[in-house]
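Here is a short briefing on one protein chain. Keep the sequence and the 3D view open as you read.

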Amino acid sequence: MTTESQTRWALIILATIAVLAVLWLAKAVFAPLTLAFTVAVVFAPLSDFWQRLGIPVIVGSLISLGLGLAICLLLVIALEPVAASLYQKAPLIKWELRQAVSGLQSMLRGLDQVSQEVSEAISPDAPANGKENSEPAMVAVPPLSRALLLAPAIIGQLMVFAGGLYFLLLCRQDVYRWLARFAKGTDAAAIEVFRAADLVVARYSLAITVINAAFGASVGIGLQLAGMPNPILWAVVAALFNFVMYLGPAIVAVSLFVAGAVVFDGLYSVVPALVFIALNIIEGQFVTPLLIGRHMRVNPLLVFLSLCLWLWLWGPVGGIIAIPVLVWLLAVAEGLRTQNSRGMAEDMASGAALLTGEGRPLTGAASAD
């Protein structure tokens, strides 16, 4: 490796570290803006539809923004009873988990030291005499004052998201014209590549949303048949967590293993988790490839690395935007590569035509001859 190559790679590595540091330190701004960009890309076909109807761009952007905020509001309203129920039942759930762990500890009497360490790690406030309480212990619930302190930051991020979504819907073509300056070829061709990438992400997101909704419904029905309490809650959790590939289903499966151990006795305690795993295998191996198509599938390694990166940077928001951003970037890269290859092929064909005398000279002097 030459000195020039070493310098170039060193600069690339330093620039990457600097970009990641900025994204992490300024996540309060960049996270909602990136989420707004993702939603704007998903809503791109809708914005184009308003334009085809002759609706002004400003009005169409406001309509799309209103629809996006309405969908978010409906999701909040739909999930509010579930969240409130979990908030109220959190002490009881924690006590039941503590009881389950205590039952496991009693089976490991020969490992007193290990059992004691597990007990202290899980329940440091447990009674020292080893006797378990017959009633659920009072568990501190996060005070309302803490939520009030977080409210300004959350409202600020919501405003950044709403403003970013509106202006991205309004100025999407201008942004693509600016990005097209950095791509090879004509600006019109590069803009068309960006628009095609928007369409790919919109189709992908719509298909994934429908699949996850159906998957959540099937999980709810399966758990209802298995006798699991709160099947609707588990259906919603399964549908939402399925948007985060690999990691989301793994978390739900582990949660169902724990919940099954709390609710049921014996080998039947693993049935809820097995039902979820079976449905997830059917969805991942058969339903999703059939509906999405192999041309829209992404390398699993890239998906995993993208999830790790964005989850590390921005937590749950990163998990939401990881796959759409990756699909958009890959679609843009593929479109630009195809465009450049086509341009090179056309240049080579034109050159061959000129060499063989089949092409027409383009200069005025040559024309005069």
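## Overview

Of the chain's 369 residues, 30% count as buried. Keep in mind that this is a predicted model. The chain has 14 helices and 0 strands.

**The chain as a whole**

- Read along the sequence, the pattern is α-α-α-α-α-α-α-α-α-α-α-α-α-α.
- Take the contacts between residues at least 6 apart in sequence: 68% of them join residues at least 24 apart.
- The accessible surface of the chain is about 23,500 Å². Carbon and sulfur atoms account for 71% of that surface.

**The nonpolar cores**

- The largest nonpolar core has 34 residues. Which of its members touch the most others? They are W310, W314, W328 and V332.
- Several elements give two or more residues to this core: α2 (27–42), α7 (172–180), α8 (187–226), α12 (300–314) and α13 (316–356).
- Another core lies apart from the largest one. This other core has 13 residues, among them W234, A253, L256 and A273.
- Now look at W314. Not counting residues up to four places away in sequence, W314 touches L23, K27, F30, A31, T34 and I321.

**Helix α2**

- Helix α2 has 16 residues. From its first C-alpha to its last, α2 reaches 22 Å, close to the 22 Å expected at 1.5 Å a residue.
- Which residues of α2 are buried? They are A31, P32, T34, A36, T38, V39, A40 and V41.
- Keep this rule in mind when you look down a helix. An α-helix has 3.6 residues a turn, so residues three or four places apart point the same way.

- R172 is placed in helix α7.
- Is R172 buried or exposed? R172 counts as buried because its relative accessibility is 5%, and the cut-off for buried is under 20%.
- The R172 side chain makes a polar contact with the side chain of D48, at 2.8 Å.
- Leaving aside neighbours within four places in sequence, R172 is in contact with A44, S47, D48, F167 and D198.

**Aromatic rings**

- How many aromatic pairs does a search of the whole structure find? The search finds 9.
- Y166 is buried, with a relative accessible area of 14%.
- F37, Y176, F194 and W328 form one aromatic cluster.

- L168 lies in helix α6 (residues 144–170). Its relative accessible area is 22%, so L168 is partly exposed.
- L168 and L33 are 135 residues apart along the chain. Their C-alpha atoms are separated by 9.4 Å.
- Which residues does L168 contact, leaving aside neighbours within four places in sequence? They are L33, A36, F37 and A40.
- L329 sits in helix α13. L329 counts as partly exposed, at 47% relative accessibility.
- L329 and F194 are 135 residues apart in sequence. In space they are 9.4 Å apart, C-alpha to C-alpha.
- L69 is found in helix α4 (residues 57–106). L69 is partly exposed, with a relative accessible area of 37%.
- L69 and A162 are 93 residues apart in sequence and 7.9 Å apart in space, C-alpha to C-alpha.

**A backbone angle to check**

- Most residues other than glycine have a negative phi.
- N230 has a positive phi of about 55°, although N230 is not a glycine.
- Where does N230 lie? N230 lies in the loop between α8 and α9 (231–241).
- N230 counts as partly exposed, at 39% relative accessibility.

Definitions and conventions:
Residues numbered from 1 in each chain as written. Predicted model: local features only at pLDDT ≥ 70, side-chain atom pairs only at ≥ 80, totals over all residues. Heavy atoms only, no water. Core = buried A, V, L, I, M, F, W, Y, C linked by side-chain atoms within 4.5 Å. Buried < 20%, exposed > 50% of the residue type's maximum accessible area, 1.4 Å probe, protein only. Helix = DSSP H or I, 4+ residues; strand = E, 2+ residues; numbered from the N terminus. Contact = heavy atoms within 4.5 Å. Areas by Shrake-Rupley, 256 points an atom, 1.4 Å probe, with all protein chains shown as cover. Polar contact = N/O pair within 3.5 Å; in protein donor to acceptor, adjacent residues only side chain to side chain. Phe/Tyr/Trp six-rings, centres within 6.5 Å; stacked < 30°, edge-to-face > 60°. Expected span 1.5 Å × (residues − 1).
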